[in-house]
Amino acid sequence: MCGIYGVIGQVENKKEILKKMESVQIHRGPDGEGHFIDDSVALGMRRLSIIDVNNGDQPFYSKDKKVVVLCNGEIYNFKELRNELIELGYQFETGSDIEVLPHLYKEHGVDFVTKLNGMYAISLWDMDSQTFYLFRDRLGIKPLYYSNLDEGFFYASEMKSIINTGYVEKELDFEALSSFLEITYIPTPRTPFKSIKKLESASYLKLKSEKIEIINYWDPQVKVDHSMTEQDCLDELDEILKDSIEHQLISDVPLGSFLSGGVDSSLVTALSAKSSYEKFSSFHMRWNNIEGKIDESEFAQKVVDKYDLKNFTKNITEIDIPNLLAKLIWHLDEPFGDAAFVPTYILAEHAAENVKVILSGAGGDELFGGYTRYKKYSKIKSLVGKVLYNKAPAFSYYDINKGAYTRLWKNAFKWYKPGSAKNQFDSLYKENKKEDKLNAYMLGDLKLYLQDNILALTDKMTSAASIECRVPLLDHRLVEFSLKVPSKYKIKDKEYKYILKKYAEDYLDKDILYREKEGFGSPVWNWIDTYRFSHFNSLLEKGTILEELKIDTSFLMKLINQKKLDYGEYWMYWHLLVLEIWTQIYIKEIPFHKVFKD
């Protein structure tokens, strides 16, 4: 994990601009920095040393010094690529995975990116052609923001780096903010500001003579192989997943895994422990009987005992939620409503005391059918299934436009326009539903929800704790495999993630695999009840959402003055609180540690 940033164009004081961009990304790379500056570009990065700790400083250059590369992320198949290049006559000076990139570009041009297996955000400057490129990995695991202004082209791993240059006008994108209210996050390519965009996953940006092109280099589609038997699925899953785990365990620093006690994290932990040459570390978080949260520690402990893990459990008893919220929303860059970012950070901070790299089970639900809402698109047509679907979370694109929350948001914010995110999802579904309805529906989650919610919060929160998070279930080969698996093997006999659980039977106890699912969410209701009258209400009453975002006063006061909130009102309150803290930090420019200070 690192952070990259830079500016292209005839901007004055490039060195000072890099310093401003770097100053708010040090947490992404506390181990060092690297710069390249010439008349046309100023490129920078902060480094977290993972592979070839002593010799892996960036930037890296081609042999003729005409290609410059800086990268945030890891190239897992770099050893294979390195050997291929050596056979072609290329020479290497370090053991860094990033050193292969400029040589690959010299050999294959921009198509080099199709040869990479990894998570990455790459900046590349070709001096001969005076062309600048940005590349983002296939799943959007690594973030990448950019802004094309009259003064120059700016890019960074975090939006705050671009803002910190002082060149960006903070004109709000109300359609993007509508998406936040509608589905809890802002889908790529939008951000809260009209002048800043996110580069889409599996794409690269080409900048030459002030002209920008964005090219997609990988486009996963549903292509079901109906000839596959259950055993075929198990065999292919075994081959790809074990290879993914083996590659993602490559590290010159200590690593471990998040272990919730659920299926995905338990399987990743088990396979990693079996493949690791040293005693493997796992990290678990226990909520200590907070109302509404299931204690999964007994299931995590079974994995620990079975694989003789070195386990570290974080017991949550009390959290300074107000100040922690402000800090984490600063790290998130954008308004973000999925409260799972809080425990993700707490666990990442805990893990950072012992390791520099952490493995996560993210992606299992989206690839293999883990959510109850998928029942509508499976062959299960029970009444229970329909009820579960109709009670899907209010703040998602799943039929939100039919619900009362849309009307409430419209009344609260006159600018609120729902549907943008839902339209993206519907478009993906329509393109693929003839092939397989369940897989088509899941593809929407893969390209939208997974990228801009799960992976976004995972990257930002682990980066805030200065550790790197890897996601073995999201090897692009596994994604391609999952899209050809018939849906009858994903949800079978009312069992979600059937084929993944069947595979995992060789590694995990059945009571871990076949039990009620517990998401990695947060007890938002508990936090609001605890802090509403002591901290939150006063912030909202005098807050900037009244001034900048023009929320209806009577609507806000009803939530503030109501003694007890119902389920939906808790989440509406939470979204308003997140939006208020974000506007304080990013519009009013109040330092996050002063948001709750009088």
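How much space lies in the second largest pocket?

## The second largest pocket

The second largest pocket holds about 570 Å³ of space. A pocket is an open set of points on a 1 Å grid over the protein atoms alone, with protein on both sides within 12 Å along at least five of seven lines, and its lining residues have an atom within 4 Å of a point. Grid points are joined across faces, edges and corners, and a volume is the space filled by probe spheres set on the points. Its lining has 22 residues, of which Leu249, Ile250, Ser251, Leu255 and Tyr277 are the closest to the centre.

Helix H2 (78–87) and helix H6 (230–248) are the elements that give two or more residues to this lining, and H2 gives the most, with three residues. Helices (H or I, at least four residues) and strands (E, at least two) are DSSP runs, numbered from the N terminus. By class, the lining of the second largest pocket has eleven nonpolar, five polar and six charged residues. Here Ala, Val, Leu, Ile, Met, Phe, Trp, Tyr, Cys and Pro count as nonpolar, Asp, Glu, Lys and Arg as charged, and the others, Gly among them, as polar.

## About the model

This is a predicted model, in which local features need pLDDT of at least 70 and side-chain atom pairs count only at pLDDT 80 or more, while totals for chains, interfaces and linings use all residues. Residues are numbered from 1 along each chain as its sequence is written, and side-chain values use heavy atoms, with hydrogens and water left out.

## Nonpolar cores

The largest nonpolar core has 199 residues, and Leu101, Leu116, Phe341, Phe413, Trp574, Leu576 and Ile581 touch the most other members. Such a core is a set of buried Ala, Val, Leu, Ile, Met, Phe, Trp, Tyr and Cys residues joined through side-chain atoms within 4.5 Å. Buried means under 20% relative accessible area, exposed over 50%, and partly exposed in between (1.4 Å probe, protein chains only). Helix H15 (residues 437–464) gives the most to this core, with 14 residues. A second, separate core of 20 residues includes Val41, Met45, Leu144 and Tyr155.

Leaving aside its neighbours within four places in sequence, Phe341 is in contact (heavy atoms within 4.5 Å) with Leu325, Leu328, Ile329, Leu332, Phe336, Leu457, Met461 and Trp574.

## Cavities

The structure holds six cavities of 30 Å³ or more. A cavity is a set of grid points where a 1.4 Å probe fits but cannot get out. The largest cavity has a volume of about 180 Å³. Of the 20 residues that line the largest cavity, Tyr145, Glu334, Asp452, Ala456 and Lys460 lie nearest its centre. H15 gives the most to this lining, with seven residues. The lining of the largest cavity divides into eleven nonpolar, two polar and seven charged residues.

## Strands and sheets

An open sheet is formed by six strands in the order S4-S5-S6-S7-S11-S12, with antiparallel pairing. Strand S4 (60–61) and strand S12 (211–216) stand at the edges with a single partner strand each, so one side of each is left without a neighbour in the sheet. Two strands pair if DSSP finds at least two bridges between them. S4 and S5 are joined by two bridges, and Val69 in S5 is the bridge partner of Phe60. S5 and strand S6 (residues 118–126) pair over nine bridges. All nine residues of strand S5 (residues 67–75) are buried, so S5 is largely enclosed by the rest of the structure.

Elsewhere, strand S13 (residues 255–258) pairs in the parallel sense with strand S16 (residues 357–359) over three bridges. Three bridges also join S13 to strand S14 (residues 281–286), again running parallel.

## Backbone details

Most residues other than glycine have a negative phi, and most peptide bonds are trans. A cis peptide bond joins Gln58 and Pro59, with omega about 10°, and another joins Thr188 and Pro189, also with omega about 10°.

Glu210 has a positive phi near 65°. Glu210 is in the loop between S11 and S12 and counts as exposed, at 74% relative accessibility. Lys494, in the loop between strand S18 (491–492) and strand S19 (495–496), has a positive phi near 65°. Lys494 is exposed at 57% relative accessibility.
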